[in-house]
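Work through the exercises below with the structure open beside you. Try each task before reading its solution.

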Amino acid sequence: MSPKSARRARKPGKARAAGDGDFYDLRLYIAGQTARSLAALANLQKICDEHLEGRYRIEVIDLLERPQLARGDQILALPTLVRKLPEPIRKLVGDLSNTERALVGLDLRPRSPATS
Amino acid sequence: MAKPATRPALVQAVPKSPTGIQGLDEITGGGLPRGRPTLICGGPGCGKTILAMEFLINGAREFNEPGVFVSFEETIDDLTQNFASLGLDPRPLAARKKLSLDYVRVEPNEIQETGNYDLDGLFIRLEHAIDAIGAKRIVLDTIEALFSGLSDTRVLRAELRRLFNWLRTKGVTAIVTGERGEGLMTRHGLEEYITDCVIMLDHRVVDQNATRRLRVVKYRGSTHGANESPFFIDESGISVLPITSLGLQHSVSPSRLSTGVPDLDEMVGGKGYFRGSSILVSGTAGSGKTSLAGYFAEAACRRRESALYFAFEESAAQITRNLRSIGLDLEPCLRKGLLQIHAARPTTSGLEGHLSAMHRLVEEKKPRVVVVDPISNLIAVGTSIEVKAMLARLIDFMKVRQVTALFTSLTIDEGHPEGTDIGISSFMDTWLVLRNMDRNGERIRTLDVLKSRGMPHSNQVREFLLTSKGLKLLEVVRDQGRVLIGSARAAHVAVDALLARRPEKRAPRR
C-alpha cells in the first residue's frame, strides 16, 4: 500500500503536466476480434487522437495468435493496454470505456486523491 | 442402503491421479481426483507449495504425467532454489520438457482498471503452458493473489469459476492452493468453487514443538481417511503418516541373532532374537535398560554388523563411559565405525523432525541393528497417538528392511511395568521387563521375558547383577516351591554350600 500512496502524493506536485511532449509506445493485448476487443481499440484510438497527436504508436497483439507473448508483459486480464513508453511501464486493464480512468492510468491527467 | 443386495455397484470409483507422496495416496485411496481440481489450504508455511511441487515432480518422474507449476507468489528463481535445497530440483525435469514453471506476477500498483475485462489472458497463458509440454497436471500457487491485483471481485469470482470449469474440461489434474482465512478455509472462499477434493494442512505448535498435520476435508465420490495425520518434510520431500493404515506385508526371517548376553539368549529360545524383529526393553529408572541395549549393539559389532544407536537421554560419551563400568567397551566398535551413536534431546526438533532424521539415517547408514534409547522420551515431544503412529511407521520401515530394532522404555509406575504408557507393546515381537525391586532394605534387579513371538521362551523372573565384569543372570534358586532372590538366595546358597561341605565355594557377592 505504501508505494501507491507515496506515488499519489508526489504526482500532483510535479512541475510539468504529466505526459507533455513524451512519445507514447502503447501495446494493446486482445484475444480475437470480440466486441470488447474492438471497443478497446476504438476507445484507445480516440484517446490518442485527442491527447497524443503525432507522438504515439499502437501495437495490437492478439494472444490467440501469439499466446507466448502473454508471459513477457505478465498479461492476465484482457483487454490490457501496456504503456511501454514513457517509463515507468503502466498497465491498464479493461476496454478503456472509462475515459477518465484511462487518462489517469496513462498519466495524461493528474491523479486526484479521490481516484482509486 | 435400501437395496444393496439387488443392485450391484455400477458406480465407477473416481479415477485417481497418484501423488507419489508416501502416505497421502493411502489416505486418499490412490491419489487426487484425476482431471479435476483439488484445493489445498492452510496457513503460511504449512507446506502447501511443497506438497504441490512434489505432486508435479512425482507425476513427471514416476507416472509420465508432465506438469505445469504456475506461481503467483514466488519468482521462478526463488522457487527453483527453494526446491533444490529440498532435493526436489525441478530443473532437470524442466530441461526434458516434463515440467514447466511459470511466474504470474500480480502487481497491485501497476494495474488501472478502465472498463470491462475478463481473465482470458490468464487462460491463454495456462493453455499455452499446458499444451507446450502436453501437461496432465497443473498447480496454481496461490491463485488468490489475483484478488490483490484486481479490485472487481464480482468479475474475478465469475472468472475463477470459469477457470476451474475450464480446467475440468481440459482434463488436467489440478492443485489449487489457498491461504487459510478468517472463519473460512481460504481467504476468498475458494472452497466454494472447488468441491471435488479439499485437503487442509496445519502447522501448529504444541508445548513449543512444531508439528504438521494433514486432513482430507472432503473427497467427492470417494472414501478417504478423515483423521488428521502427522506429516513431515525433509530432504526427500513430504511423508504423511496415516495412523490407521499400516500394511503388514514385510517378509520375515527365521535367522536369529544374539542378545549380547549368553544367559539371555538361553531365555529366548536359546538363540536370541529373530532378525528383523522389534524388541522392547521396559523398566524403571536405573533398572539396566541401557546396559541391555549396549550389549545388543556390541554383539552386532562383534558379528561385524553395523549398528545405529539413537540416544535421547545421554550423550555418546556418557553412554560409553557408563557401559565401561560394567565391563562393556564400545570404544573399538565406535573406532571401527561399526557403531554410530546419535544423541539428541527429544525436544530439539519436532516429532516429525525426529522421525525424519531416524528414517534418513537408517536409509543412509543401512544398519543391521538399531537401538532407540529410550523411546519413552519421545513422549516429551508429542501426545500419545502421535508417538504411536510415529513408532508404528518406524517399526514398519525397519521391518521391511530386516533391521532388528531394540527400544527401551522407561516405566513410571513401579507397580505396573506391563502398562507401557505408549501402548506400543503390540508392535513388539519380544518384550523384556526389567524390575528394580526394593525388598527388605536391598535393591534387587530382575528380568523376565513378557513375550517373545514365535519362539519358546523362559517364563521365569530371573535375578541379575550388573558387575564390573558385566551383566550376569543368576541361577534360579528355589526353596519349598518359592524362587529366592536377593540375600535370601545368598543365604540359601551359602547354607547349601556348607551342607555340601564345600566351604570354599561362596555365594556370589553383590
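Two residues count as in contact if their C-beta atoms, placed from the backbone, lie within 7 Å. The model is predicted.

**Exercise 1.** Find the residues of chain B that B:Ala297 contacts, leaving aside its neighbours within four places in sequence.

*Solution.* Apply the 7 Å cut-off to C-beta atoms.
The largest one has 149 residues. B:Ala297 is among those with the most contacts inside it, along with B:Phe296, B:Ala307 and B:Val371. Helix α9(B) gives this core its largest share, eight residues. Both domain 1 (16-240) and domain 2 (256-470) of chain B supply at least three residues each to the core.

**Exercise 2.** Work out the strand order of the nine-stranded open sheet in chain B, and say which strands lie at its edges.

*Solution.* Follow the pairing from strand to strand. The order is β17-β16-β18-β19-β15-β20-β21-β22-β23 in chain B, with mixed pairing. β17 (339-343) and β23 (470-473) of chain B pair on one side only, and these are the edge strands. On average, neighbouring strands are turned by 20° against each other, direction ignored.
Strand β22 (residues 462-467) of chain B runs antiparallel to β23(B), and four bridges join them. One pair to locate is B:Leu466 with its bridge partner B:Leu471 in β23(B).
α9 (residues 289-302) of chain B lies across several strands, including β15 (278-283), β16 (307-311) and β18 (369-373) of chain B. Its angle to β18(B) is about 165°.

**Exercise 3.** Describe the side of chain B that touches chain A: which element gives the most residues?

*Solution.* Start with the counts. The contact takes 21 residues from chain B and 30 residues from chain A. On chain B, β6 (111-113) and α5 (120-133) each supply at least two residues. α5(B) gives the most, with six residues. By type, this side of chain B divides into seven nonpolar, seven polar and seven charged residues.
Strand β4 (residues 90-93) of chain A runs parallel to β6(B), with three bridges between them. Here A:Leu92 stands opposite B:Gln112.

**Exercise 4.** What percentage of the 510 residues in chain B is buried?

*Solution.* Count as buried each residue with 20 or more other C-beta atoms within 10 Å of its own. The share is 45%.

Note on methods. Residues numbered from 1 in each chain as written. Chains lettered and ligands numbered in written order. Predicted model: local features only at pLDDT ≥ 70, side-chain atom pairs only at ≥ 80, totals over all residues. Nonpolar A, V, L, I, M, F, W, Y, C, P; charged D, E, K, R; others polar. Pairing = 2+ DSSP bridges. Buried ≥ 20, exposed ≤ 12 C-beta atoms within 10 Å, placed from the backbone. Axes fitted to C-alpha atoms, helices over the stretch in contact; angles between N-to-C directions. Core = buried A, V, L, I, M, F, W, Y, C linked by C-beta atoms within 7 Å. Domains from an automatic or database assignment.
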